[in-house]
Amino acid sequence: MSSRPTFGTIKRVAAILIAITVVLAAGIVVGQAPVIFGVDDDPSASIAFEDQESDGVSVTIDEVTLSDGGFVVITGAGDESLAISTYLEDGTHENVTVESEENETDLVGQLTATVHQDTTGDETFTYYETEGEEDQPYLDDGYPVSDTASVTPDDEEAVSDSFVVESMTAPESATTNETIGVVAEVRNPTEFDQQQVVEFRLNGTVLERQILELDGGEDREISFEVDLSGTPPGTQSIGVYTDDDGEVGEIDLEFHTDPSVAVVDADTDGVTVDVATPEDGFVAIEDDDEVLGTSDELEAGEHENVSVAFDDDVSVDEDDELTAVVYEGEPDDVDSAEPLEHDGEPVEETFTIADVEAEDESDDEDDDDDTEDDSDDEDDSDDEDDGDDE
């Protein structure tokens, strides 16, 4: 019997097996394409939480969309949660009912609904148990994805003795170093004379509070002078609140000066800079794009005498041309940080240690000359006084 058919059959089988292997491998590669080619979309979400009446036990989220699933958390004046939704799968959900914890009747007033991720993947909300390490909020431009609504009791017999904020007047925009005026009209809805606390909050933080005393049925305007120094730029939430009521608005804050960095001192151990930045970040000292050292993390604002120590394995000569660069991001993750730009250019300053030291010596000499001039003036004055005495 000839062996040729047997070999031919073996070749055909081998070719089929190779083809199957190639197809399977291609499927695996295609399935893993996002990972292989570095596609890593950030999780995203949106939420609509409209003003509504409630039985105090539950509220309704009009619409929430989650890219990776998660939860909706209801909070009141403080950070403590009042209600947490069941796990929501990725996608869009309408008319989501969120019930208060332990069925307590406290879901009234100014409430905020925030969309949280399920970072643990176990469909169990653990944000507070892990002190914010897990199940963090979805972010949009660095801020939690949330919406605020005024929730009133649907039971006409339910009467609150809280003062009511009828209106709030505030600027639509300001700079981050301004002091703004906010005026609110507050009413006592009861028949009794009362004294209550009225607060002004920015992004949920109390910046000013006043004690207001009103007769039964009386309404009165109350004014707040609010210093915005240290507030980050961008659209911020503002509001005037009483015990169970409030009025909420927004203000657009523009950074009050141009971003900048200026080297004020330098030696072979490190550099000292003054910096103004509208974003949280840090300052790095670089030599031909090589990072020689970074500052501590800086909040948005102006900072003087920020120290940047060179790394232990760095050796710097006084004539080396170095650059101080302002970054957005965290100094512990320089590779993910981005240089801060202003008018399309990075915020940076190039220098040498020798030039900085020479400038410092020149400033010292100028100070000495000024001191000598002042001393000469005093001597001349003394001579004139002696002549008068004679």
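In the predicted model, I222 touches V182, V183, A184, V186, V198 and Q210, leaving out residues up to four places away in sequence. I222 belongs to strand β16, which covers residues 219-227. The relative accessibility of I222 is 5%, so this residue counts as buried, the limit being under 20%. One of the residues touched by I222 is V183; the two residues lie 39 residues apart along the chain, and their C-alpha atoms are separated by 5.7 Å.

The chain as a whole has 390 residues, of which 33% count as buried. Its secondary structure consists of three helices and 28 strands. Among contacts in the chain with a separation of 6 or more, 62% are made by residues 24 or more positions apart.

Strand β14 spans residues 194-202 and contains Q196. Q196 has a relative accessibility of 6% and is therefore buried. Through its side chain, Q196 makes a polar contact with the side chain of Q194, at 3.2 Å. Apart from residues up to four places away in sequence, Q196 touches D161, S162, F163, Q210, I211, L212 and D243. Q210, one of these residues, is also touched by I222.

Strand β14 pairs with β15 in the antiparallel sense, over nine bridges. In this pairing Q194 stands opposite L214 of β15. The two strands form a hairpin, with two residues between them. N203 is located in the loop between β14 and β15, the latter comprising residues 205-214. Although N203 is not a glycine, its phi is positive, at about 55°.

Strand β4, residues 70-75, is mostly covered, with six of its six residues buried. Two pairings of β4 were examined. With strand β7, which covers residues 109-117, β4 runs antiparallel and is joined by six bridges. V72 has V115 of β7 as its bridge partner. With strand β5, residues 81-84, the pairing of β4 is again in the antiparallel sense and extends over three bridges. Here V73 stands opposite I84 of β5.

P137 lies in the loop between β7 and β8, where β8 consists of residues 139-140. With a relative accessible area of 16%, under the 20% limit, P137 is classed as buried. When neighbours within four places in sequence are set aside, P137 is in contact with T114, V115, H116, Q117, Y127 and P144. V115, included in this set, is the bridge partner of V72. Y127, another of the residues in contact with P137, is 10 residues from P137 in sequence and 8.9 Å from P137 in space, C-alpha to C-alpha.

D135 is likewise placed in the loop between β7 and β8. D135 is not a glycine, yet its phi is positive, at about 55°. A positive phi of about 55° is also found at N203, in the turn of the β14 and β15 hairpin.

By residue class, the lining of the second largest pocket comprises six nonpolar, three polar and four charged residues.

Key:
Residues are numbered from 1 along each chain as its sequence is written. This is a predicted model: local features need pLDDT of at least 70, side-chain atom pairs count only at pLDDT 80 or more; totals for chains, interfaces and linings use all residues. Side-chain values use heavy atoms; hydrogens and water are left out. Ala, Val, Leu, Ile, Met, Phe, Trp, Tyr, Cys and Pro count as nonpolar, Asp, Glu, Lys and Arg as charged, and the others, Gly among them, as polar. Helices (H or I, at least four residues) and strands (E, at least two) are DSSP runs, numbered from the N terminus. Buried means under 20% relative accessible area, exposed over 50%, partly exposed in between (1.4 Å probe, protein chains only). A polar contact is a pair of N or O atoms within 3.5 Å; within protein, one must be able to donate a hydrogen and the other to accept it, and residues adjacent in sequence count only if both atoms are side-chain atoms. Contact means heavy atoms within 4.5 Å. Two strands pair if DSSP finds at least two bridges between them.
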